[in-house]
Amino acid sequence: MNRTTLSLIAGTTALAAVTGFAALSAPDATGTETPAKPAAQLPVERTSLLCPAPSTSDIAETTYTSFTPVTEGTGSGGKADLRAAAEKPADDPAAGDGKGKGGEDGPAADKGGSSDAGDAGKPALTPKEPGKPVTGDTSGSDAPALVGTADGRFAPGWTLQETTEVAAGTGRGLQGVTCTAPDTDFWFPGAATTPDRTDYVHLTNPDDSAAVVDIELYGKDGLIESEVGEGITVPPHSSEPVLLSTLADAGRTDLTVHVNVRSGRVGASVQALDDKIGGDWLAASADPSGSLVLPGIPKDATEVRLVAFAPGEADADLKVRLASPSGLITPAGHETVHVKGGMTTAVDLGDVTRGEAGSLVLTPTQQSVPVVAAVRVVRGKGDRQETAFIPATRPVGTRATSADNRAKGSTLSLTAPGRAATVKVTASTGSEGGTPVSKTYTIKAGTTQDIEPPLPGGLKGTYALTVEPVSGGPVHGARTLAAAQDGVPAFTVQTLPDDRGTVAVPEAEQDLSVLQD
């Protein structure tokens with residue numbers, strides 16, 4: 001008897017390209033399953049990114065930067081754009097003709113550059129080609145959250161950066177965030193509801209159905225009971241900023257925020273604004289793990305505060321070490337930190353870097369217990385202070401990408417917590433012109449190296465950086481962007497995890513399109 005089946009190979013490859021991984025095994029001649037061949041790394045075919053509403057300040061100036069690295073094997077098709085969360089893509093039947101007022105195309109459709117992100121039907125950004133950054137600008141307090149989609153050659157490693165300058169008032173300084181992929185679970189250690197802090201968790205839903213979200217807050221004594229954070233509905237194609245002080249009593253410091261999505265998916269980021277010492281975005285920590293790396297603490301940091309949380313019931317005992325330019329060292333008086341299960345612990349490390357590049361490396365003293373962590377970093381003194389946050393992050397992996405780098409003010413920080421590693425750093429062409437430049441660096445075992453990134457030849461505009469491991473052990477990275485602002489050392493730090501440009505697709509042992517029996 002002949003029996004024709006669906007092609008599992010094509011289905012598996014398509015599934016992996018969208019979801020990230022697929023596995024396939026085939027029966028041999030005896031009917032026994034045999035393992036699939038080693039997985040091949042293929043470019044992703046489609047991706048989504050979500051950018052929160054940038055600011056509530058009327059004097060905020062925001063720049064969006066889009067960049068897709070050139071990736072082999074992507075073909076010549078595809079597109080990408082970034083629109084207000086309430087707007088659907090132009091090719092969606094419900095989106096209308098994709099034109100603005102008067103039936104004219106939005107400026108970004110022609111320039112691939114700046115536009116008013118709040119105008120209906122006008123994409124905030126429309127990238128023209130991989131390998132070249134595209135920028136767009138907006139201002140004021142009414143700039144919306146944005147939803148980006150990319151497919152084909154624009155999808156692998158697509159990175160969006162949102163950078164906002166606020167000259168005065170609460171949260172003044174430089175605020176930056178790498179726009180996130182939608183997900184269902186997020187941890188944010190380092191939030192607060194003290195009188196001088198205004199912290200929001202921004203929830204953005206890119207889909208056609210509503211998302212239902214629970215927000216939990218954990219302090220030094222454990223879970224803070226509140227029904228207000230339960231079952232928050234985020235309507236389709238919309239964004240909801242939730243003020244944390246409405247979920248807990250005022251005066252709470254060192255909080256861990258847990259965002260759990262009951263149904264649907266969202267992008268989530270915490271905006272932490274201080275009345276006196278600026279503010280920044282707090283990105284989600286890497287998934288709970290027994291060992292964590294927090295890279296890129298500025299060498300001139302005047303205050304570093306570690307906030308850690310153990311999600312389970314077991315306590316965690318962590319060894320605290322600083323990966324300095326000369327190797328791993330233990331901060332005096334802070335050799336270990338004890339984190340009680342279900343509770344948030346904070347430790348002041350002072351000026352732990354002492355004028356040198358540094359990254360925190362947390363490892364279990366004995367039994368490994370999963371934790372999440374972040375540090376709040378302060379630069380400057382007195383009334384000229386500015387803050388930023390660095391969460392624990394995943395390794396660079398295959399490749400990491402940083403958008404919105406400038407001729408002055410960008411610092412790349414790389415750390416090899418285990419074995420030594422060699423990496424290739426590439427500066428892209430500029431958004432308005434220039435030629436790419438690559439350079440190779442060796443990071444010694446247990447050290448952190450601050451690098452002034454290579455500049456594209458003849459740079460005009462902003463540029464992107466990619467970091468690709470060449471050999472050795474895992475590498476963790478962060479990019480600091482600094483800009484003096486009336487004597488205030490304004491800065492923002494974004495970590496550099498793998499940009500998810502490729503997915504693992506197993507090679508089939510045999511063609512399963514037709515089976516005979």
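Keep in mind that this is a predicted model.

**Exercise 1.** Find out whether Lys424 is buried, partly exposed or exposed, and which side chain it meets in a salt bridge.

*Solution.* Start with accessibility: Lys424 has a relative value of 32%. Buried would need under 20% and exposed over 50%, so Lys424 counts as partly exposed. Next, look for the partner: Lys424 meets the side chain of Glu468, with N to O at 3.8 Å. Now place the two residues: Glu468 sits in strand E37 (residues 463-472) and Lys424 in strand E32 (residues 421-427), so their pairing ties together parts 44 residues apart in sequence. Glu468 is partly exposed too, at 25%.

**Exercise 2.** Work out which parts of the chain the salt bridge between Asp499 and Arg399 ties together, and whether these residues are buried or exposed.

*Solution.* First take the distance: the closest N and O atoms of Asp499 and Arg399 are 2.7 Å apart. Asp499 lies in the loop between strands E39 (488-495) and E40 (502-507), while Arg399 lies in the loop between strands E29 (384-391) and E30 (400-405), so the bridge ties together parts 100 residues apart in sequence. Then check accessibility: Asp499 is buried at 12%, and Arg399 is buried at 10%.

**Exercise 3.** Describe the accessibility of Arg252 and of its salt-bridge partner Asp249.

*Solution.* The two side chains meet at 3.9 Å, N to O. Arg252 is partly exposed at 30%, whereas Asp249 is exposed at 53%.

**Exercise 4.** How many salt bridges are there by this rule, and which residues form a network?

*Solution.* The count is 14 salt bridges. Glu165, Asp404 and Arg406 are linked in a network.

Definitions and conventions
Residues are numbered from 1 along each chain as its sequence is written. This is a predicted model: local features need pLDDT of at least 70, side-chain atom pairs count only at pLDDT 80 or more; totals for chains, interfaces and linings use all residues. Side-chain values use heavy atoms; hydrogens and water are left out. A salt bridge is a side-chain nitrogen of Lys or Arg within 4 Å of a carboxyl oxygen of Asp or Glu. Buried means under 20% relative accessible area, exposed over 50%, partly exposed in between (1.4 Å probe, protein chains only). Helices (H or I, at least four residues) and strands (E, at least two) are DSSP runs, numbered from the N terminus.
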